Amino acid sequence: MFSTTCYKLDKNTIHIQAGFFFHQALPIPSIKKISETRNPISSPALSLDRLQIVYNRFDSVLISPADKMDFIAELLHRKPDIEVGLKAA
């Protein structure tokens, strides 16, 4: 399962794959907010150093990309009005 957890960006979608049974296509235009979290709830994330992506009106998903800052920068490049909440170092 660990080797099949990945996050891929195409022009307008984040594709989230975890194991053989979980696949989610998240439209980038629907993203409202990205914030850092250590929430341990079950999710398609391999680490507790996670990003919470809030999309649509009340939906969210937790992911753990290898390079969070590059991932956020790429999403902001595609949709600059995403609200970003980062914790202070």
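**Entry 1: D49.** I began with D49, which is partly exposed at a relative accessible area of 36%; I take buried as under 20% relative accessible area, exposed as over 50% and partly exposed as in between (1.4 Å probe, protein chains only). Salt bridges with shared partners join D49, E36 and K68 into one network.

**Entry 2: basis.** I am working with a predicted model, in which local features need pLDDT of at least 70 and side-chain atom pairs count only at pLDDT 80 or more, while totals for chains, interfaces and linings use all residues. Residues are numbered from 1 along each chain as its sequence is written, and side-chain values use heavy atoms, with hydrogens and water left out.

**Entry 3: search.** I searched the whole structure for salt bridges (a side-chain nitrogen of Lys or Arg within 4 Å of a carboxyl oxygen of Asp or Glu) and found five.

**Entry 4: K68.** I noted that K68 forms a salt bridge with D49, the closest N and O atoms being 2.7 Å apart. K68 lies in helix α1 and D49 in the loop between β4 and β5 (50-55), so the pair ties together parts that are 19 residues apart in sequence. Helices (H or I, at least four residues) and strands (E, at least two) are DSSP runs, numbered from the N terminus. I also recorded a salt bridge from K68 to E36, with closest N and O atoms 2.7 Å apart. Both K68 and E36 are buried.

**Entry 5: E83.** I then looked up E83, which forms a salt bridge with K33 at 3.9 Å between the closest N and O atoms. E83 belongs to strand β7 (residues 83-85) and K33 to strand β4 (residues 31-37), so this pair links parts 50 residues apart in sequence.
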